Amino acid sequence: MSEIDDKDRQILRQLQGDGRLSNLDLATRVHLSPTATAERVKRLQRDGYILGFTARLCPEKLGRGLIVFVEVKLERTSEDVFGAFAAAAKANPDIMECHMVAGGFDYLLKARVADMNAYRAFLSDALLNLPGIRETHTYAVMEEIKNTAAIAL
């Protein structure tokens, strides 16, 4: 992987702000030629700095207004239980994020559902059926203060 310079960081900042920028607009903003800008973007993608481009959707309009965070403790911490749990979590479309953590529990999940009734169904039908779960603690989000995927550059 190659090193990135200040121009690369400017490109990354601009694309984080608006991934739909045309190459010409991006080039203008970072003060490079369109050809040089396109080559840098290709290199940043090839080297794994840019993982992809997506659209941010409105969860409320799509019936996914409630965010819940769930602490998960497993029955035992063995590779087979970790693997089975991770595979099941990846397959569940309600789970947006799943992180193995160090501390008083094993995993932290972030899920989006319609409302508390939908969460109760998610808990009983999906979450508690995941392999190896001993205990869960749920935190329903009352107000989302900040939600960004932007990485500080």
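Q: Before we start, how are residues numbered, and what pLDDT do local features need?
A: Residues are numbered from 1 along each chain as its sequence is written, and in this predicted model local features need pLDDT of at least 70, side-chain atom pairs count only at pLDDT 80 or more, and totals for chains, interfaces and linings use all residues. Side-chain values use heavy atoms, with hydrogens and water left out.

Q: Happy to begin with the sheet. What is the order of its strands?
A: The general idea is that strands of a sheet pair through backbone hydrogen bonds, either parallel or antiparallel. Here an open sheet of four strands has the order β2-β3-β1-β4, with antiparallel pairing. β2 (95-100) and β4 stand at the edges with a single partner strand each, so one side of each has no neighbour in the sheet. On average, neighbouring strands of this sheet are turned by 20° against each other, direction ignored; axes are lines fitted to C-alpha atoms, for helices over the stretch in contact, and angles run from 0 to 180 degrees between N-to-C directions. Strands (E, at least two residues) and helices (H or I, at least four) are DSSP runs numbered from the N terminus, and two strands pair if DSSP finds at least two bridges between them.

Q: How many bridges join β1 to β4?
A: Seven bridges join β1 to strand β4 (residues 133-140), and the two run antiparallel. L74, for example, has I133 in β4 as its bridge partner. On β3, β1 pairs in the antiparallel sense over seven bridges, with A111 in β3 as the bridge partner of V68. β2 and β3 pair over five bridges, also antiparallel, and A111 in β3 is the bridge partner of I95.

Q: Why is β1 described as largely enclosed?
A: Seven of the nine residues of β1 are buried, so the rest of the structure largely encloses this strand. Buried means under 20% relative accessible area, exposed over 50%, and partly exposed in between (1.4 Å probe, protein chains only).

Q: Which residues touch the most other members of the largest nonpolar core?
A: In soluble globular proteins, nonpolar side chains tend to be buried together. A nonpolar core is a set of buried Ala, Val, Leu, Ile, Met, Phe, Trp, Tyr and Cys residues joined through side-chain atoms within 4.5 Å. Of the 20 residues in the largest one, V72, L74, F85, Y119, F122 and L127 touch the most other members. β1 (66-74), α4 (79-91), β3 (107-113) and α5 (116-126) give two or more residues each, and β1 gives the most, with five. Apart from this core lies another, of 10 residues, including L12 and L44.

Q: And how do I read a helix pair such as α1 and α3?
A: Two packed helices are described by the angle between their axes and the distance between the axes. Helix α1 (residues 6-17) and helix α3 (residues 34-46) pack at an angle of about 80°, with axes 11 Å apart. These helices are therefore roughly perpendicular; under 35 degrees counts as roughly parallel, over 145 as roughly antiparallel, 65 to 115 as roughly perpendicular and the rest as oblique.
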